[in-house]
Amino acid sequence: MQSTSLEQALKDYQQALLRNPKDTVAQINCGNLCVELKRYEEAAGYFRRLMRIFKTNLDIRNALCYALQELGNESHAQGRYVTAEACFEEALANQPTNAAYLYNLGNAQRELGKPKEAALQYQKAIKLSPNDADIYNNLGNVQRELGQLDLAIASYQKALELNPNLYHAKVHMVHQKQHICDWQGLDADILTIRDWVKNVLQAQISPFAFLAMPTTTAEEQKLCANNWVNNRYATLIEQAEVLNFQKPSIQICHSVLDTESSGLESLDTDFHRYDGVRKIRIGYLSADFRLHPLAFLISELIELHDRNRFEVVAFSYGVNDKTNARARLEKAFDEFHDIRNYSEIDAAKKINEFQVDILVDLTGFTQTSRSGIAALRPAPINVNWLGFPGTMGTISNDRPLFDYILSDSFITPPDAASLYAEQLAVLPHCYQPNDRKRPIGKQPSRESCNLPEGAFVFCCFNQSFKITPEFFNVWMRLLNAVPNSVLWLLDSNTWAKQNLINQAAKNNIAAERLIFAPRMSIADHLARHIHADLFLDTSPYNAHTTCSDALWMGLPVLTCVGDTFAARVAGSLLTAADMPELITYSLQDYENKALYLASNSTELEKIKQKLLATKQTSALFDTNQFAQSLEKVYESMWQQYLTTSETSNKATK
């Protein structure tokens with residue numbers, strides 16, 4: 001039956017119900033027709049009413065559950081996770097032993113930031129369906145989020161036993177093994193995953209996990225992002241075409257900002273204005289407007305934005321941790337909107353209603369990503385910046401998911417442009433802003449840090465997944481070559497700690513020469529940097545915020561530059577800090593330089609003094625200059641958009 005015929009039939013039965021609300025046959029037919037028309041919410045309403053009449057009727061109960069399942073799946077695909085959760089909870093109230101409903105409920109609860117509840121649903125589902133690899137995989141995901149890395153790895157391994165071609169389970173397993181510094185079989189596993197990226201385009205390979213894997217190339221990282229976008233966002237990209245969000249009127253926005261004038265004249269009273277000047281509205285999208293490294297990069301920048309030319313609006317979908325960092329950001333933005341409980345579509349509608357001109361995604365493809373909001377194109381311009389150190393890919397029609405990636409000439413030299421789906425938006429010194437108001441705690445004693453008196457302290461406060469066997473072996477050779485030296489590492493997790501101690505023993509390094517720094521507040525963490533002598537960076541995933549923290553505290557950071565975005569960040573930071581002497585380009589030069597500095601205290605002290613002396617004047621920590629440079633880039637983006645749009649409009653007339 002054609003859709004129009006179904007619609008007419010539904011109207012006829014609805015008219016019948018108006019005449020006789022107790023006509024159960026008409027109610028059944030209305031419910032069935034709504035299912036055929038994919039109007040599942042209405043269908044569920046009819047079947048609920050019928051359930052109140054026919055409490056034990058199995059067919060009606062099954063019909064209700066089917067409608068709830070379809071509505072739940074549809075809601076999940078559209079990012080309406082609260083609705084999805086409610087649908088599957090109701091379905092389970094009617095069919096409590098349905099493993100699929102438990103699985104889908106767990107998926108919705110995970111998206112809602114309820115990992116404990118999600119884990120419980122997956123565990124129940126496994127009891128009912130013990131050979132389902134997908135359930136084990138998703139259980140591993142929430143165990144990972146709960147910090148149960150050993151259990152997560154075991155779940156991924158079980159998933160792969162059941163389905164060796166469950167690509168994403170393999171990727172998650174490898175990444176978590178990197179987190180616990182279990183390097184056994186790592187090279188072979190990564191080689192397999194690289195092959196999948198190139199030859200199995202439907203494989204869902206997490207771009208973040210992939211770029212952290214040694215030996216992956218920039219070309220492969222771009223392909224991985226392309227595959228991810230087209231696998232994960234196809235539905236939302238189609239939805240973007242349907243929504244077709246309204247963009248600013250070119251007829252009204254005809255004159256454009258330049259870097260010398262005060263603004264763009266506009267007659268549009270819907271735009272926010274300041275003394276008759278049209279402002280560019282920047283929307284910052286993130287999960288991390290809280291006590292998080294991101295806050296210690298952008299807070300001062302947001303405060304310094306020129307309010308005569310720009311409005312800055314936050315769209316936050318992360319937890320409100322009620323810290324001073326969160327409160328400061330809420331105050332810094334012109335408007336701060338918590339969209340945590342919004343679906344992707346509702347969030348995009350809100351961004352569009354605020355007439356955001358440039359939407360900047362500060363989270364990207366990291367764990368809490370909601371880049372699907374940007375995929376819906378609620379703003380004329382999408383910008384990839386800061387959260388994800390790499391390209392975010394191209395959708396199937398050769399249009400990049402993000403129009404620009406904010407970078408600098410060290411990270412992305414001109415000849416690297418083809419490695420990025422986005423257009424390179426190059427900042428003059430460094431892509432990373434810094435907050436000069438970082439809180440610094442009281443300096444701890446060396447003893448309280450468990451550091452031996454008089455020892456030379458090599459350190460690396462990078463997360464454990466960034467540590468590779470090649471670099472760790474270099475560190476072990478340095479400890480062997482430098483008497484009375486220790487290696488100070490971040491205590492990321494108990495499994496990594498033990499695995500690193502075991503690996504050190506294979507290199508004849510006693511366990512007591514590895515000192516593990518417990519996690520603590522950022523203020524206290526910064527304060528303890530005073531006791532380190534030389535920060536040893538990692539590659540292919542450098543220190544990012546961690547590097548800036550060390551340099552701010554006067555701690556030299558020795559890096560080894562690679563070919564990918566993530567492998568060039570520390571080099572960019574050191575260049576902006578005017579410390580090129582700490583940049584190396586091969587593992588051998590890195591090892592030689594580290595040994596030289598550890599053996600030449602006078603030279604190392606000169607570097608420390610230079611860092612401290614130039615801290616307030618270096619481009620790396622000149623937040624005022626950074627804000628001005630960034631605003632010029634935003635203005636250039638906006639002008640290019642208006643020019644391109646106006647040309648396009650003329651061509652269609």
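Q: Is K38 buried or exposed?
A: K38 has a relative accessible area of 59%, so K38 is exposed. This is a predicted model, in which local features need pLDDT of at least 70 and side-chain atom pairs count only at pLDDT 80 or more, while totals for chains, interfaces and linings use all residues. Residues are numbered from 1 along each chain as its sequence is written, and side-chain values use heavy atoms, with hydrogens and water left out.

Q: At what angle do α3 and α4 cross?
A: Axes are lines fitted to C-alpha atoms, for helices over the stretch in contact, and angles run from 0 to 180 degrees between N-to-C directions. The axes of α3 and α4 (residues 58-77) come within 9 Å and cross at roughly 155 degrees. That makes the two helices, α3 and α4, roughly antiparallel, given that angles under 35 degrees count as roughly parallel, over 145 as roughly antiparallel, 65 to 115 as roughly perpendicular and the rest as oblique. The residues in contact include F47 and M51 of α3 and L64 and L68 of α4, where contact means heavy atoms within 4.5 Å.

Q: Is the crossing of α3 and α4 left-handed or right-handed?
A: A crossing is left-handed if the near helix is turned anticlockwise from the far one by less than a right angle, and right-handed if clockwise. α3 passes α4 in a left-handed crossing. For α19 (residues 469-481) and α20, the axes come within 10 Å and cross at roughly 55 degrees, so these two helices are oblique to each other. Their crossing is right-handed, and F472, N473 and M476 in α19 meet L500, Q503 and A504 in α20.

Q: Which residues of α16 are buried?
A: An α-helix has 3.6 residues a turn, so residues three or four places apart point the same way. In α16 (residues 324-332) the buried residues are A325, R326, L329 and A332. Seen down the axis of α16, they fall within an arc of 125 degrees, so they line one face of the helix; the arc is that of the directions from the helix axis to the C-beta atoms. N324 and K331 are exposed on the face turned away from that buried side. The buried residues of α16 pack against α15 (295-304), β5 (310-316) and β6 (335-338).

Q: Which way do the residues of β5 point?
A: In a regular strand the side chains alternate between the two faces of the sheet. From β5, F310, V312, A314 and S316 point one way and E311, V313 and F315 the other, and all are buried. With seven of the seven residues buried, β5 is largely enclosed by the rest of the structure.

Q: How many bridges join β4 to β5?
A: Strands of a sheet pair through backbone hydrogen bonds, either parallel or antiparallel. Two strands count as paired if DSSP finds at least two bridges between them. Seven bridges join β4 (residues 280-286) to β5, and the strands run parallel. Y284 has A314 as its bridge partner in β5.

Q: What is the strand order of the open sheet of six strands?
A: The order is β13-β12-β11-β14-β15-β16, with parallel pairing. β13 (514-517) and β16 (583-584) are the edge strands, each pairing on one side only. Helix α20 (residues 494-506) packs on this sheet and touches β12 (485-490) and β13; its direction makes about 165 degrees with that of β13. Helix α23 (residues 569-576) also packs on the sheet, touching β15 and β16. Within the sheet, β11 and β12 pair over five bridges, and C460 stands opposite L489 in β12. Five of the five residues of β11 (residues 456-460) are buried.

Definitions and conventions. Buried means under 20% relative accessible area, exposed over 50%, partly exposed in between (1.4 Å probe, protein chains only). Helices (H or I, at least four residues) and strands (E, at least two) are DSSP runs, numbered from the N terminus.
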